[in-house]
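Colleague: I would like to learn how to read a structural model step by step. Could we go through one together?

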Amino acid sequence: MQLKVLLRVPARNFHIFYGKSVASVNNMLNEGQNDVQTQTHEHKLKMSGWQIHNYGDFDELLFSDRLKMPQIKQSNECLVKVHATSINPIDVAMLGGYGAAVLKVLRCQPSVIEFPLTLGREFCGTLIQNGMSVNNFKLPVGQRVWGVVPVQNTQGAHAEYVCVPDYCVGMVPESLTNTEAASVLYAGLTAWSGIYLTAQLGGVCGALTADGGGANKRVLVLGGSGAVGSLAIQILRAQGSQVLATCSENAMELVQNLGADCVIDYRNPSKMATLRNFAPYDLVLDCSGQGTEAAEALDFKYDQYVTFSSPLLKNIDSSGVGLGLLKNFANILEANVKSLTNRKGLIKYGFFIPAPQGIELLKQLVERKKLLPLIDSCYKFNELPEAFKRVKAGHLRGKVVVSLD
């Protein structure tokens, strides 16, 4: 046996082993084999993806096929191989530095800017690995999943792999393709949180469970053709709400097909004036980015006005955390004083909230064919900067998605 080991050693390398014991030779051979395995393992831990090393414009988006693959660090985390992702307005804003001050605090490193940064808030992919505390029955390894990335994560979904907490992941409805699935959750959870967490349209059950709610409520959706607005309309109609929506003239047919009871061209003043005929509204949902200023311009009554255009991050970026929070409070207080003085309703801010009950509700609606993804355009992974430009150009008819397959 010892002789066979020595015979396997090439003659040109014999001088390396001369004077060594057979045990030493075996150890050296094993170490060499381990080195090869280690190098192969390290190679497998590399992935492709897009990162930024500075805040700025589209030219800051850099592609690399040597990025470090994320690894599970917490027991509740899931590792997913990404098949499709999307570009959201928050990605374009974060590329320019939006929210940097808040994100540094959330990441518990307020003194440094965390680069490199991988953007991307949602994905569809295959579940590769679960942490120790993840329920393998609900999230079996090897299955297709969809999910979202918490804003405080520096490693987003614009890469081959992403690692997120299990409450941000769910099983994909079988009827959806990868690109369709990657277009739903971020906008869907934003709409869901505005309707059920902020406005409490479904009461406590609507906020804490996947029951939804809002039957016989009258809701006006501003910006019904965008990613958030289109999903908000479908969620509300599935719950039995009466939905009115505004959009541009060339998108009216699309919004009607989503199920809106009445669609108004927001550029037509005479048509917009007819909205008062349906007042009062239980909820006005601003999905068009108009903010609290639009509430002041409305000449009809409503119980609640929820906008997703909060100046919170902008205020903190410009004035710091303390003064920024104070400014935000002052802004919402001033808006509510004006609204209540004019005998209108409360004005509130809505935010994207990753919640498992919201993910479950969206899944149920897709499976019942009550919710269909609306995709504006689809790009290849190497065209990701072009997808960013499309989102920044605005006037989208649904989501901009990116396929990695």
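This is a predicted model: local features need pLDDT of at least 70, side-chain atom pairs count only at pLDDT 80 or more; totals for chains, interfaces and linings use all residues.

Colleague: How is a pair of aromatic rings described?

Modeller: In general, one gives the distance of the centres and the angle of the planes. Rings of Phe, Tyr and Trp (its six-membered ring) pair if their centres lie within 6.5 Å, and planes under 30 degrees apart count as stacked, over 60 as edge-to-face and the rest as tilted. The structure holds six aromatic pairs. For Phe63 and Phe381 the ring centres are 6.1 Å apart and the planes stand at 80°, so this pair is edge-to-face. Phe63 lies in strand S2 and Phe381 in the loop between strand S14 and helix H15, so the pair ties together parts that are 318 residues apart in sequence; helices (H or I, at least four residues) and strands (E, at least two) are DSSP runs, numbered from the N terminus.

Colleague: Is Phe381 buried or exposed?

Modeller: Phe381 counts as buried, with 12% relative accessibility. Ring pairs also link Trp50 with Phe63 and Phe381 into a cluster.

Colleague: Which residues of H15 are buried?

Modeller: In H15, the residues Leu384, Pro385, Ala387, Phe388 and Val391 are buried. They cover an arc of only 155° around the axis, which puts them on the same side of H15, the arc being that of the directions from the helix axis to the C-beta atoms. The buried residues of H15 pack against several elements, including strand S1, strand S3 and helix H4, where contact means heavy atoms within 4.5 Å.

Colleague: What is the order of the strands in the open sheet?

Modeller: Two strands pair if DSSP finds at least two bridges between them. Here the open sheet of six strands has the order S10-S9-S8-S11-S12-S13, with parallel pairing. Strand S10 and strand S13 are the edge strands, and each pairs on one side only. Strands S8 and S9 pair in the parallel sense over five bridges.

Terms used. Residues are numbered from 1 along each chain as its sequence is written. Side-chain values use heavy atoms; hydrogens and water are left out. Buried means under 20% relative accessible area, exposed over 50%, partly exposed in between (1.4 Å probe, protein chains only).
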